[in-house]
Amino acid sequence: MHQMREPEMNFAKILTGAAALTIAALTPAAHADGLGAEVNYGRADGHWGAEIGAGYAMGIGGFTLTPGAGVYLRNGDERLYGRVEAAYTLPASATIGIGARFSSAHTRPYATLAMPLLPKLRVKGNVGPKYYAVGLTLGY
């Protein structure tokens, strides 16, 4: 297992604090869609691996803002990451949006597209410079 270095621990603390402040600031003004989880496989930080994460979606009309965090697993190594997405759901159809993924070394912008499989289960893809992933989202 990978032990977190001091910069990674500081990054995790900053990310957790920023997510908490965002949620606290926006929750009174937004309709909370709730918690969700994602499992993705893709290429990030120059390597192939799996992302396992969670987020909290806040809806305003058809738009959602979803801060989240998780762990990126590759070759027996673990890295923390954070992300934030802004998306719009077309009525009874796809969700399209933009996001940013934050890791210890890089911030990567990306486009996202999700298609419903079941009411709370979607297949999702993220594509951006030096970052792409495909997976499943449950919840939100």
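Predicted model: local features only at pLDDT ≥ 70, side-chain atom pairs only at ≥ 80, totals over all residues.
1. Strand 2 and strand 3 form a hairpin in which two residues lie between them, and glycine 61 in the turn has a positive phi of about 65 degrees. The strands here are DSSP runs of E with at least two residues, numbered from the N terminus. Glycine 53 has glycine 70, in strand 3, as its bridge partner.

2. Residues are numbered from 1 along each chain as its sequence is written, and side-chain values use heavy atoms, with hydrogens and water left out.

3. Strand 3 also pairs with strand 4 (residues 77-89), in the antiparallel sense and over twelve bridges. These two strands form a hairpin with two residues between them, and asparagine 75 in the turn has a positive phi of about 45 degrees. Alanine 69 stands opposite glycine 82 of strand 4.

4. Strand 4 in turn runs antiparallel to strand 5 (residues 95-103), and nine bridges join them. Five residues lie between the two strands of this hairpin, where alanine 92 in the turn has a positive phi of about 55 degrees. The bridge partner of glycine 82 in strand 5 is phenylalanine 102.

5. The structure holds seven salt bridges, each being a side-chain nitrogen of Lys or Arg within 4 Å of a carboxyl oxygen of Asp or Glu. In one of them, the side chains of glutamate 38 and lysine 124 meet at 2.7 Å, N to O. Glutamate 38 lies in strand 1 (residues 31-44) and lysine 124 in strand 7 (residues 121-128), so this pair ties together parts that are 86 residues apart in sequence. Both glutamate 38 and lysine 124 are buried, a term for under 20% relative accessible area, with exposed meaning over 50% and partly exposed in between (1.4 Å probe, protein chains only).

6. Arginine 83 and glutamate 85 form a salt bridge through their side chains, at 3.9 Å from N to O. Arginine 83 and glutamate 85 are both buried. Salt bridges with shared partners join Glu38, Arg83, Glu85 and Lys124 into one network.

7. A further salt bridge links arginine 74 with aspartate 77, with 3.7 Å between the closest N and O atoms. Arginine 74 counts as buried because its relative accessibility is 13%; aspartate 77, at 15%, also counts as buried.

8. A nonpolar surface patch of about 690 Å² includes Ile96, Leu113, Met115 and Val134 among its residues. Strand 6 (107-118) and strand 8 (131-139) are the elements that give two or more residues to this patch. Strand 6 gives the most, with four residues, while valine 134 has its place in strand 8. Patches are made of residues with over 30% relative accessible area and no salt bridge, like charges being joined within 9 Å and nonpolar side chains (Val, Leu, Ile, Met, Phe, Trp, Tyr) within 5 Å. Accessible areas come from the Shrake-Rupley method with a 1.4 Å probe, and for residues only the protein chains shown count as cover.

Notes: Pairing = 2+ DSSP bridges.
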